[in-house]
Amino acid sequence: MSSNKKYWKSVEELNENSSIVETLKQNEFVAEIPTDEFLGDKDTLESTSTSRRDFLKYVGFSTAAASLAACEGPVKKSIPYVVQPQEIIPGVANYYATTIADGFDFASVLVKTREGRPIKIENNGLAATNGSANARVNASVLGLYDSLRVQGPKKGGESISWNTFDAETTQKLNELKGANKRIVLLTQTFASPSTSKLIAQFTEKYGNVQHVAYDAVSESAALDAFQAKYGTRGLANYDFSKAMTIVSVGADFLGDWQGGGFDAGYSKNRIPQHGKMSRHIQFESNMSLSGANADKRVPLTPTQQKIALAKLHSHIVGGTVSGNLPEHVEKAVQSAAAQLKNAGSAGVVITGIQDVNAQTVVLEINERLASEAFDTKNVIKTRQGSDKEVSQLVADLKAGQVAAVIMAGVNPLYTLPNASEFAEGLKKAELSIAFSMKEDETSSEAQYIAAAPHYLESWGDVEFKSGHFALTQPTIRPLFDTRQFQEALLKWTGNDISYNDYIKQVWNASILNGGSFNQALHDGQFVTNVAEEETASEGAETPASNAAASLAASAKSNGLELAFYTKTGMGDGQQANNPWLQEFPDPISRASWDNYLTVSKADADALGLANTHVATGALNGSYAKVTVGSTTLTVPVLIQPGQAKGSVGLSFGYGRTRGLKEEMQTGVNAYALYQGFNNVQTVTVEAAAGEHEFACVQLHNTLMGRGDILKETTLEIFNTKDKKHWNAVPVVSLNHEETPVTSPDVDLWDEFDRSIGHHFNLSIDLNACTGCGACVIACHAENNVPVVGKTEVRRSRDMHWLRIDRYYSSDETFEGDDAKKEGFSGLFGDNGSLGGFGEMEHPSDNPQVAFQPVMCQHCNHAPCETVCPVAATSHGRQGQNHMAYNRCVGTRYCANNCPYKVRRFNWFLYNGNDEFDYHMNDDLGRMVLNPDVVVRSRGVMEKCSMCIQMTQKTILDAKRDGRVIKDGEFQTACSAACSSGAMVFGDINDKESKVAKLKEDNRMYHLLEHVGTKPNVQYQTKVRNTTEA
Amino acid sequence: MRKVTHRTLSKNVLGLSLSILLLFTASLSAQGGDPAKGKSLFNANCAACHQLDKKMTGPALRNVEQRLADDEGLDKQWLYDWIHNSAGVIKSGDAYANKVYNEYGGAAMTAFPQLSEEDIDNILAYTAEEKKEAPAAATAVATQSTSDSSGISNELILGALAILFLLLALGLYLVNKTLRRFAEAQNIELAEATKRTPLWKAFIQNQFLMLVMAIFLLLSSAYFVYGYLMQVGVDQGYQPVQPIHFSHKIHAGDNGIDCKYCHSSARVSKTSGIPSVNVCMNCHKSIYEYNGETSAEYSKEFYDGEIKKVYKAAGWDDAEQKYTGETQPIKWVRIHNLPDFVYFNHSQHVSVAGVECQTCHGPVEEMEVLYQHAPLTMGWCIDCHRTTNVKVEDNAYYEKIHEELSKKYGVEKLTAAQMGGLECGKCHY
């Protein structure tokens, strides 16, 4: 069952005559060493002035010079503290709990600091909510060391002192107050009790003050709907660990939908236990993470989604709605409704349609189901923006009615569709101040740039959900002369205490209820039941009385629909200058350093758009002109399997132009088309001239015909059939008898006794893995993995030690097609075979998706070790495949011989090299490096070490304390970052450990078991819950 | 030379008799206090905060009894009360007590109720002793001159021998010349040496010898080249000049300070840590001068100057006995430089294995100027791992693994290598 499915990584592989796939199968290093380029050309070779003898002279001279230079060792200085802080011991890491709240990502995290420098973000295990860091939060530590940060306050481009800033701005504010002119605070969503209080005090002092919260990617419709129904402005909270049937209509809840952070709960029920797992049905247009994880995915255009949601409502709640859907969708909606009703309170419906009626419909359905996963008490507070207020503000600014604009944590000139109007209005304001870490699009247009600190240098507090509070504390002294927005508010209101003390006052007075502030600071979070003060926005839209009917009635499409989305790596674009995130391959498209228009194969053919692969396997795509109203963007096109016909997708977060390095200025700015903050726009798309070069890793390292790398089955088969049907161990013939490859009799090598001491194994559950990529960035940060840049990624030279492979496979089985074929009658007509065969789905129209994190498999019988001529890679008793970088001479034999393609070669010196202007070429950016791991040099092979520095640290600590190591103490960067529980790391010689039990699990298999490498990384077979009803 | 020693001796005798005389006079006023006993009591109880001639945490105490009586009109009973319970005296509203209390930053002197009046008398007798002049300079000169004379004699003998050989050679040549002249004069036919092929030519013509020679030359040059290359990057004996002449000999040797007092992070961290200046000041707040052995190169003045450098770094005003806040971090030159690709953890060797610091760092307690003792090459590490047994006693971590592994290898005690200490990945990551 598991191996007769055809998997593919890119559409190209489905083309039987593709030469490129064949080439890739044959070559490990796709780019040949270009010897012909300089040796093949006879004329140049002959006309060259450097003779062979000269060449040898140069070589001899440089060798001699190099060895002479090497004789003199540099003098290294060691400068200790004058007074060493008690909590700092050089060489020992400290951990602090803090909270990121940048307006888009809200998470409670642990920060690892070494010698006073934050170097890594980890999940906060003590946190009750939002305790897991996604890829962006993991990468946020690099933002602290961004060389382009504003280093002090500025006025009109000139540096000024904070005293000047205070004097001038306070005077101006007082003037405005005297004239009773309007002051506007335009901020991100802070969700901070103390900041709200400060803003209230500021308002009190300066009179005509308005606070406008602005979310770059709006959730306004959901907020409005919730406010209309429950009175308070917030978002309903969902706990997917209580849901067994999940129906999502256009909501990428494993991505950034309503603030994200739902994946940990979701994954809990994805692992089949006692024969049961949750069922997830997704109706969506773009292929999202959620759709990729769904058991059943129905591609629908945004308009169709509205009708589908309305119909779902009518099936469950009652009432009739108009609108037509294709037959198979109609069926799917009915089936989904039936399953939801069956599930009752274990069912839940969510939607990402930015429409008050749609959001209301969902609230109604969940109420009717009495869904346990649906929580209206602990309301999510991390989105508070109001579209209406922002639109009104832009209009007022333009009309010159706003005298002062103070902005914090927002970048409206980049994120507003009508940015030019805002810019025009900003010039009319008498006072404009932008609190910003960068000279970005907005702050460089404001009169004053108030240099803001990074969150790792700031104080703060957040209310994630009502009653769930968190604290932000500085983990390093501010690197630059910066001041946070709240400190400035304190100054302006004439309050002399520090913001730290202010938070303490607020917490002691209204939050802690006598609890300890220090304990809360230590834990990072504090959960309490506080009396909820109702917050409401006046500018909220109200839903129609019969929301479902109006929703269905409003669903009218004319032409192609563009659905915006946020990428797992880039989010809303705040961290666009973060090279880790730029190089992070999108989990679905596997493209890095870009955004693009995702188009279905059918639409692409119709519009004359194409993707081609060049000889090296790199992807090229045509450009398309995308027009919304009067705005036109030229966007590269990527043909996305699973994209709903009639819809296209484009991600936010790219196309930044100010405050970031040239290399990071990638993609196009989708916000320009985000009119009316509506995440669906009707567009016209036409092909444009030119070809775009993508840095897409999807075709790197093909399957080489080894389809059994991924094993999957259905819940039904899993429950009813024996293991050998769905997870058979491959067999070979020994004396004409079938012998499993795991038997020592058929092994080429003698077994080494690993029963003594530790033996590490990593288990990866393909059911729990959502493909979120937090592990990829965590690995990057822990292991000093270099960023190589777009052109190098395009040459298949990405350095990620851990990649998450994404496999497509054809929709379920071919039974549906067979049934359809039986039903053909005649050539023409509705049931005619001529049209029917054409309609029969092309496999790429709606593929199933599986994610598979792959890193070095740490084979006990490793093929790489035997071919190394200098014994640079060898095996440890604890199961890890070691790599001695200083021994490696760079023959790359090991990479050729690795069946899993996990070895990475340093083609260049990435550290301290200005050709790679990312973060390792300046002193500030290098501060993020982990001092326990070597920075590799040019010409050296590297790969996943199973975080040997972490396992060794655990062992060494236990030895020093003289104690036995408990299960769970051993971690790798990826397993520690995995909040969904997909990655479990531990010692299999400890029979009670989780990973030892997982090794005995029926679902366990090894990658390419028939090769006989005996890996120490195990996978758990993916089980899909395809059971309808 | 003898004269010098003699002079020193006489000076010492003079000093001694003088002090006895003084002692006698002092004891008159101290009513029979014993300055020798007083000295040991002073060092045990008072020296942490007081010195005889220098203001420290507390005031200088030379002739304190006399001074109090003369300047303040305070009698010995006041001193007894003060030493037994200074806080009480301050509380009672005593004017001078409060003045001193305020002058020294409002820190009351520790009460010493355990000191009897007799003890205090002894201490006061010690404080009443006259200040002595240190005879250090003279001894230094003496040692210098001894070492010099032995150095010259060796050279002289060699020189004389060389001249002797030269004379001998000259003599032989002259004899030969004269004999030839005689022979010529008497017409004696000297047997001409038959024209033979010179030795070097014969050597060249002998191909076998040439081959052997060539092989020998190649091998020996290879040996030397190899030896040269292998020492590239090995800095054994590296002894840089440090910004402050810190003598490990004085600290760890003479005074027996534990290495881990200053290098405290060696117990818990991968790095042993260079102590921050405040650690120096723990002791040097009260040790402002050097009173130990000196040499011509390193005199007392030199050492005292180095202590001043510490004060400068720490921002310590010795005269005012307070911190100025103007600090200057010390830029030490790092001696032990492991390459970036090696992970070494001090705490594992120091705390877990109980390895003495000297095992790798050599006789640090004898080093006036610190140098790199060990080659710090991988071969050196591995040799030790091969031969050193793992210290498993009283360590719950090792219990199971040691029992199983020692059974497997059939040994009583496991070496670090058998425990896996030779695996590449244990140190290279």
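User: Starting with the sheet in chain A, in which sense do strand β8 (residues 183-187) and β16 pair, and over how many bridges?
Analyst: Strand β8 of chain A and β16(A) pair in the parallel sense, over five bridges, and the bridge partner of Ile183(A) in β16(A) is Ala404(A). Two strands count as paired if DSSP finds at least two bridges between them, while helices (H or I, at least four residues) and strands (E, at least two) are DSSP runs, numbered from the N terminus. This is a predicted model, in which local features need pLDDT of at least 70 and side-chain atom pairs count only at pLDDT 80 or more, whereas totals for chains, interfaces and linings use all residues. Residues are numbered from 1 along each chain as its sequence is written, and chains are lettered from A, with ligands numbered from 1, in the order in which they are written.

User: OK, and what about β16 and β17 in chain A, which way do they pair?
Analyst: β16(A) and strand β17 (residues 431-436) of chain A also pair in the parallel sense, over five bridges, with Ala408(A) standing opposite Phe435(A) in β17(A).

User: Is β16(A) mostly covered or uncovered?
Analyst: Strand β16 (residues 404-408) of chain A is mostly covered, with five of its five residues buried. A residue is buried if 20 or more other C-beta atoms lie within 10 Å of its own, exposed if 12 or fewer, and partly exposed in between, with C-beta atoms placed from the backbone. Ala404(A), Ile406(A) and Ala408(A) point one way from the strand, Val405(A) and Met407(A) point the other way, and all are buried.

User: What's the strand order in the whole sheet?
Analyst: Seven strands of chain A form an open sheet in the order β7-β6-β18-β17-β16-β8-β9, with mixed pairing. Its edge strands are β7 (158-159) and β9 (209-213) of chain A, each of which pairs on one side only. Strand β6 (residues 154-155) and strand β18 (residues 448-451) of chain A run antiparallel and are joined by two bridges; there, Lys154(A) stands opposite Ile449(A).

User: I keep landing on Ser218(A). Where is it, and why is it called buried?
Analyst: Ser218(A) is found in the loop between β9 and α8 (220-230) of chain A, and it counts as buried because 21 other C-beta atoms lie within 10 Å. Leaving out residues up to four places away in sequence, Ser218(A) touches Gln354(A), Gly385(A), Asp387(A) and Phe677(A), where two residues are in contact if their C-beta atoms, placed from the backbone, lie within 7 Å. Its C-alpha atom is separated by 8.9 Å from that of Gln384(A), which is 166 residues apart along the chain.

User: Switching topic: what domains is chain A divided into?
Analyst: Chain A is divided into domain 1 (235-378) and domain 2 (558-696), with bounds that come from an automatic or database domain assignment. The centres of the two domains, taken over C-alpha atoms, are 27 Å apart, and their contact takes 16 residues from domain 1 and 20 residues from domain 2 of chain A.

User: Then the other chain: how many residues of chain B are in contact with chain A?
Analyst: 46 residues of chain B are in contact with 40 residues of chain A. Elements of chain B that each supply at least two residues of that side include α14 (300-314) and α18 (398-409). The residues of the side of chain B that touches chain A divide into 21 nonpolar, 16 polar and nine charged, where Ala, Val, Leu, Ile, Met, Phe, Trp, Tyr, Cys and Pro count as nonpolar, Asp, Glu, Lys and Arg as charged, and the others, Gly among them, as polar.

User: Which strand of chain A is joined to β3(B)?
Analyst: Strand β2 (residues 77-78) of chain A is joined to β3(B) by two bridges, and the two run antiparallel; the bridge partner of Lys77(A) in β3(B) is Val333(B).

User: What pLDDT does chain B average, and which of its elements has the lowest mean?
Analyst: Chain B averages a pLDDT of 83, and 86% of the residues score at least 70, pLDDT being the predictor's confidence in each residue, from 0 to 100. Among the elements of chain B, helix α1 (residues 2-29) has the lowest mean pLDDT (49), while β3(B) has the highest (94). Over residues 1-6 of chain B the pLDDT is below 50, and this stretch has three contacts in the model beyond near neighbours in sequence. Where pLDDT is low, the predicted coordinates should not be read in detail.
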